[in-house]
Amino acid sequence: MSVFSTGIATTIRAAIAQALLLPSADNETFLSLTQQPVMTGLTVMLLLAAIVATLLGALAVVLGSIAASEPRNRLLGVARVLGFSPRQLGALVGWELAPLAIVAIAVGAVVGAAELQLVLGALDLRPFLGTTDAVAPVLDPLWVAGVIAVFTVVVLVAGFVTAAIARRMSPVSSIKMGAE
């Protein structure tokens, strides 16, 4: 094998490595890629997409609570006629929402962890993270706890709003609706 053919093979390998951004590529290529406006914009858009997805999940909880409000208001009106205090009405609403919220948190955590494994197995995210090392999946407990806390607050607010609306409804109108 001549020096010329070795030089061509090295040049071809280097060009392929640079085009594919393999770990053997020049580190400056990685750094220049992560500093490009496209990568910065994509990172910002991915963060915004995560925020929008969280807000849509919260909206789904609120709309689900609103959709079930008519029968719940009748039930809470009858409970008020039976002598339930406002605190007991809130507990009744919590008893209705808590099992769904607990299941949603458990299923969401499992699906989220599985999605993390799937995405990292299918995509090469090294350019996004600005590294040449293999990306290991990591579930940050603080982020997971933060998402669970936001979801819990949304469910609690939906429950409090539901109980407040039910308290404003006349118990007599609930009984009249039940008789019709």
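What volume does the largest pocket have?

1. The largest pocket comes to about 2000 Å³. Please keep in mind that this is a predicted model. The pocket is lined by 39 residues, and A50, G112, E115, W143 and V147 are the closest to its centre.

2. Turning to where that lining comes from, at least two residues each are supplied by α3 (37-67), α5, α6 (126-129) and α7 (141-168). By class, the lining of the largest pocket holds 31 nonpolar residues, six polar and two charged.

3. Two or more lining residues come from each of α5 and α7, and α5 gives the most, with eight.

4. Which classes make up the lining of the second largest pocket? You will find eleven nonpolar and four polar residues there, and no charged ones.

5. Now to a helix pair. The axes of α4 (residues 69-81) and α5 (residues 86-122) come within 10 Å and cross at roughly 145°. The crossing of α4 past α5 is right-handed. On the α4 side the contact uses R72, L75, L76, A79 and R80, while α5 brings L89, L92, V93, E96 and L97. Seven of the residues in this contact are nonpolar and three are charged, with no polar ones.

Notes: Residues numbered from 1 in each chain as written. Predicted model: local features only at pLDDT ≥ 70, side-chain atom pairs only at ≥ 80, totals over all residues. Heavy atoms only, no water. Axes fitted to C-alpha atoms, helices over the stretch in contact; angles between N-to-C directions. Helix = DSSP H or I, 4+ residues; strand = E, 2+ residues; numbered from the N terminus. Left-handed = near helix turned anticlockwise from the far one by under 90°. Contact = heavy atoms within 4.5 Å. Nonpolar A, V, L, I, M, F, W, Y, C, P; charged D, E, K, R; others polar. 1 Å grid on protein atoms, 1.4 Å probe; cavity = no way out; pocket = protein on both sides within 12 Å on 5 of 7 lines; lining within 4 Å. Points joined across faces, edges and corners; volume = space filled by probe spheres on them.
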